[in-house]
Amino acid sequence: MSKLHGLLALSLVVAACASSDPGPSPTTAGSAPSSTSPVNVRTVDPRPGAPGIGDPLYPNLGNGGYDVADYRLELEVEPATGMVRGIAAVEAVALHDLSSFNLDLVGMEVRSVDVAVAERRGAATWRRRGRELVVVPAEPIPAGVVFVVTVVYEGVPGPVPEGAVPFAPGWRKVGDTIYVFDQPDGAAGWFPANDHPRDRATMTLTVTVPEDVVVVSAGERSSRRVGDGRREYRWVIDDPIAPYLVPLGIGPFRERAEPPAGSIPVTTWFDPDIPEGRLEPFRRQGEMVEFFAERFGPYPFERIGALIVEDESLRAALETQEVSTYTSPSLAWGEAVVAHELAHQWFGDAVTVARWDDIWLNEGFATFGQWLWAEHDVGPEVYDRQVMRAYRTMSGLDRASSGVPPEDAARQAREAYPPPDHPRADELFSASVYQRGGLTLVALRDLVGDEGVFDVLEEWVRRFGGRSATTEDFVALVEERLGAEAAELVTAFVEDPQIPPMPQRGLAPPG
Ligand code: TRP
Ligand code: ZN
């Protein structure tokens, strides 16, 4: 949720308090309990917060009944063993009278849980059920009131096997290097969260590690020695962030400053075993951001960066906010992957999906961005060729030209590449989501030209940046700015079983 919303909620509490002196902010978990400011707002109808936020694809992800404003996370990490000792203070506002509420947490051992409502801090009872940590405060929490739940926990985090992606997302340890790839549901493997892109919050991430490694994340960094050969890193993330987008790297990373994007600094952190020659594409991050900013509107965050981890077991990259995360094998994709992750900062990070099955709003848009960069940097023939290749695959034209009868080719393609909107739970990151999703914006651009398509994309981020949105929101915006024909084209591209033709390119499905 937004900071503004947090402040509003806070003033609600203040207004609701009988005491004329509201005292300090209730964000004081960890400090001594105080009794100066009792909450005398009655609960009328306390009931449990829902165990899921209401995502149709993953009913258990996230939680209902509250909205997180801020995470204060303190982790002590032992890279050699993977052991983590954590304190998480989660500040949230109750959305209805709460008799209990859930956080998402997978694995880890919970040592204690308490809940502070306004100034009153009390022990809470709690139980674990699957990925749910159910918290029952000593007294119900009234709607509109800010509370802070503090969870003390420890354990060795690991990936979360949920099956939404072919590999388990989450905390990864390769040798003594640790990083996270949390999309869509891995964040709950290392901190108690409302783990859904619909609930964003600010975060202060404090991580204590041995002096020979560094900690990389987003936001403003500071660090200090804490004795015992250890150093504490603090990253203050004040642009509200979805839990899965929090970057984290712990390892012997080196740091390289890159040419900035105007006044926005660009930093690359990389494993020292990666030869600097392979890091060339990261020099151009600032240039890419300037290119995108001309088309998508101002870059939505305060910093730009990359974290590159040596992990031969996985070729992947993730658009973690401000600082995208790449494994060493992903560098084989060259500038394309860097452009893709940077485009995600607008589409995925600034605007998050309200429901995971609208993921084409992230992946299709980032794929379009990656094609635009190739067009700009190499030439229009590269854009046209990539679009053509994607269309031939998605439509079955390629099968037809290798001898499959046209009707069969089209049918096989329909089965292999179903429409990108509302993919099945295990197909979240399918080829169709990326490519047919990307082709959707190419088709829109073919129809309305650069001015039309970039007007819509810029307005999309202006209107929904800092919030989450749905396909319906996008189609409505397209209709508003570009008319009914454009809106119908988008709907057909993302919903119809058969990919529509692209007449300006002379492309149509076989048969
Ligand atoms: N969103 C990633 C991309 O940039 C792909 C992805 C999805 C991913 N889930 C992941 C990457 C988990 C790493 C880990 O296309
Ligand atoms: Zn992507």
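Lys and Arg count as positive and Asp and Glu as negative, while His and the chain ends are not counted; the place of a charge is NZ of Lys, CZ of Arg, CG of Asp or CD of Glu. The model is predicted, so local features need pLDDT of at least 70 and side-chain atom pairs pLDDT 80 or more, whereas totals for chains, interfaces and linings use all residues. Residues are numbered from 1 along each chain as its sequence is written, chains are lettered from A and ligands numbered from 1 in the order in which they are written, and side-chain values use heavy atoms, without hydrogens and water.

**Exercise 1.** State how far apart the mean positions of the positive and negative charges are.

Solution. The protein chain has 45 positive and 76 negative charges. Their mean positions are 3 Å apart.

**Exercise 2.** Find which residues cover each face of strand β11 and which strands pair with β11.

Solution. Five of the five residues of β11 (177-181) are buried, so this strand is largely enclosed by the rest of the structure. In a regular strand the side chains alternate between the two faces of the sheet. One side of β11 holds Thr 177, Tyr 179 and Phe 181, and the other Ile 178 and Val 180. Strands pair if DSSP finds at least two bridges between them. Strand β10 (170-174) runs antiparallel to β11 over five bridges, with Lys 173 opposite Ile 178. Two residues lie between these strands in their hairpin, where Gly 175 has a positive phi near 60°. Strand β16 (249-251) is also antiparallel to β11, over two bridges, and Ile 250 in β16 is the bridge partner of Ile 178.

**Exercise 3.** Describe the hairpin of β14 and β15.

Solution. Strands β14 (220-227) and β15 (230-241) are antiparallel and joined by seven bridges. Ser 223 stands opposite Tyr 233 in β15. Two residues separate the strands, and Asp 228 in the turn has a positive phi of about 65°.

Methods: Helix = DSSP H or I, 4+ residues; strand = E, 2+ residues; numbered from the N terminus. Buried < 20%, exposed > 50% of the residue type's maximum accessible area, 1.4 Å probe, protein only.
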